[in-house]
Amino acid sequence: MFKRYSITFWATVFVTVVCLSLVALDVWRSIDARSGQLQEMERLSANVARAMAQQADDTIKAADTSLADIVERIETEGQDGKVLARVQKQMAVQVENLPQLVGLFVYDERGRWVVNSRGVLNQAYNNADREYFIYHRNHADRGPHVGNPVISRSTGKWIMPVSRRLNRADGSFGGVVLATLDIDYFRRFYQSFDVGARGAVALVANTGVLMLRQPFDSERVGGSMRDSELFRHYAVLSGAARTGSAFLHSFHDGEVRLNSYRPLEHYPLFVSAALSREEMLERWRRDTFTRSVGVVVLAALIGFFGKRLVDQIRLRAQTEAALREARDALESANRTLERQAMQDGLTGLANRRQFDVTLGNEFSRATRHADTLAFIMIDVDYFKQYNDVYGHSAGDEVLRAVSKLIRALTPKRPGDLTARYGGEEIGILLPNTDIEGAQAVAERIRLAVEQLQMPHSGSPLGQVTLSSGVATMSPKRGVHAASMLVEAADKALYVAKSAGRNRVCLAPPVDD
Ligand SMILES: Nc1nc2c(ncn2[C@@H]2O[C@H](COP(=O)(O)OP(=O)(O)OP(=O)(O)O)[C@@H](O)[C@H]2O)c(=O)[nH]1
């Protein structure tokens, strides 16, 4: 099957397959690198989200522990001056020890300041209108409450309120204990993450309120994210599914980012670390472009040189074919020349040269094997007259016809040879043949020509006839020569002519 196609075909297939494989391999590598890049992106954002959630949880927990302590103290020890002084001292120490804490506050059931970590009570402020205050007044639960971020009335800084309800002895609402966390504390921590120039991180309440976003925008802090893709995506999840990631359009700038989200363990908040898809894939695109250019150039070079190679192979194959053809033509011409060199042009019989060579070979062979060698010399009678009467061309025709007949009637054993000996004389060499056998051949030929009855007005016999002299010899080394056989046949021919022609005469055995 493979032989049906040329080497140039396979060379072309090879070069094409190499080029296509290179390109295919590069495409596959690029796709693989892209998915690797996205996986890396997911790992990175998930790690950032984990660190953010842990930090937020720990930060709020530390403040909440202080709140629980103060609530427990006031509810058991009351609110007289001594107790409040101790509480105030405790608060001041806590604020000093916890860098995230801006302040600790206790409000009574009307929102008035009872005690705080600063030790200064500004009765001009009332916090009864704050979201966290209203929440505790309306909810009896004793757990911590993380409120919406607000600008502190006392410091003017963005703060995150964490609060607990204070109960009177009868269980009715007795006020609020509040810890304010510095939003900047979170920001500083978030700034330490490298999420790229177009990345973002956020801390969001489960209610959809944005607590903080980095890059920071004070306009957006405390705003609602309920309409964002992130919140809508997160809100429908539950349990372990709340930790995960997804490509989402940003609510803030429309950028598509890979958002890794994760809930805080103890508080109703979640974090999101988002990396820009474009930014992450930018490097991949650059690498892919550079490599693809290299691969295309390489494939083009291979294709170019491959084509040249294929052309060379084709040229070589063509040259070889042309050489083969030329050699075949030359061999054929040589064979023709050889044949022509050994053949008589008029009769198609072997010529004198071939006769001499064959005679020499057969003579030697007969000498070696002690065989008999017979020779018949045939001559057309009155041929000169035929030429004179009918013309030379007609004479040629007679020679051709006679030769054809002689060839047909001559035995075809190996070594038998019919040759134009010269002029109108034809010789037949019959190795390993005795005198009777050779005579029979000569007689058969003579008779056949006679039966042709070719008119010959120049001959007393009236038609074309032949005369033959037949001779045989068993050659012995040092005694006989090949010419002796020819001479003997020639003499017998002369006898046949003298005896009236149209006959076969036998030569006496050649003397030892
Ligand atoms: N047409 C033709 N004639 C040839 C050719 N070769 C020899 N001859 C002629 O053959 C003739 C031979 O004549 P001779 O040797 O005198 O003998 P002959 O006429 O055949 O008479 P006998 O042999 O005595 O019967 C010559 O006239 C040659 O010119 C040839 O190729 N073609």
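User: What order do the strands have in the open sheet of five?
Analyst: The order is β13-β14-β12-β15-β16, and the pairing in this open sheet is mixed. Strands (E, at least two residues) and helices (H or I, at least four) are DSSP runs, numbered from the N terminus. Two strands pair if DSSP finds at least two bridges between them.

User: Which strands are the edge strands?
Analyst: β13 (417-422) and β16 (504-506), each of which pairs on one side only. From one strand to the next, the twist averages 20°.

User: Where do these numbers come from?
Analyst: This is a predicted model, in which local features need pLDDT of at least 70 and side-chain atom pairs count only at pLDDT 80 or more, while totals for chains, interfaces and linings use all residues. Residues are numbered from 1 along each chain as its sequence is written.

User: Back to the sheet. Are β12 and β15 parallel or antiparallel?
Analyst: Antiparallel: β12 (residues 373-380) and β15 (residues 466-473) pair over eight bridges. Val380 has Leu466 of β15 as its bridge partner.

User: What packs on the sheet?
Analyst: Helix α9 (residues 392-409) does, and it touches β12, β13 and β14 (425-431). Here a contact means that the C-beta atoms of two residues, placed from the backbone, lie within 7 Å. The direction of α9 makes about 155° with that of β12. Such angles run from 0 to 180 degrees between N-to-C directions, and the axes are lines fitted to C-alpha atoms, for helices over the stretch in contact.

User: How many bridges are there between β12 and β14?
Analyst: Seven, in the antiparallel sense. Ile378 stands opposite Ile426 in β14.

User: And how many join β13 to β14?
Analyst: Five, and these two strands run antiparallel. Gly422 stands opposite Glu425 in β14. β13 and β14 form a hairpin with two residues between them, and Gly423 in the turn has a positive phi of about 50°.

User: Why is β14 described as largely enclosed?
Analyst: Because six of its seven residues are buried, β14 is largely enclosed by the rest of the structure. A residue is buried if 20 or more other C-beta atoms, placed from the backbone, lie within 10 Å of its own, exposed if 12 or fewer do, and partly exposed in between.

User: What share of the chain is buried?
Analyst: Buried residues make up 34% of the 512 residues. The chain has eleven helices and 16 strands.

User: New topic. Which residues are closest to the ligand?
Analyst: Asp381, Phe383, Lys384, Gly395 and Gly423 are the closest of the 17 residues that surround the ligand. A residue is near a molecule if its C-beta atom, placed from the backbone, lies within 6 Å of it. β12, α8 (383-390) and α9 each give two or more residues to this shell.

User: What kinds of residue are in the shell around the ligand?
Analyst: Five are nonpolar, five polar and seven charged. Ala, Val, Leu, Ile, Met, Phe, Trp, Tyr, Cys and Pro count as nonpolar, Asp, Glu, Lys and Arg as charged, and the others, Gly among them, as polar.

User: How do α8 and α9 pack?
Analyst: Their angle is about 130°, and their axes are 7 Å apart. The two helices are therefore oblique to each other. Angles under 35 degrees count as roughly parallel, over 145 as roughly antiparallel, 65 to 115 as roughly perpendicular and the rest as oblique.

User: Which residues of α8 and α9 meet?
Analyst: Phe383, Tyr386, Asn387 and Tyr390 in α8 meet His392, Ala394, Gly395 and Val398 in α9. This contact of α8 with α9 has five nonpolar, three polar and no charged residues.

User: What about α1 and α2?
Analyst: α1 (residues 7-77) and α2 (residues 81-97) pack at about 175°, with their axes 11 Å apart. They are therefore roughly antiparallel to each other. α1 contributes Ser66, Ile70, Arg73, Ile74 and Glu77 to the contact, and α2 contributes Val83, Val87 and Gln94.

User: Where is the cis peptide bond?
Analyst: Between Gln214 and Pro215, with omega about 5°. Pro215 lies in the loop between β8 (210-214) and α5 (229-235).

User: Is Gln453 buried or exposed?
Analyst: Exposed, because Gln453 has 11 C-beta neighbours inside 10 Å. Gln453 has a positive phi of about 55° although it is not a glycine.

User: And Asn502, buried or exposed?
Analyst: Asn502 counts as buried because it has 20 C-beta neighbours inside 10 Å. Asn502 lies in the loop between α11 (482-498) and β16.
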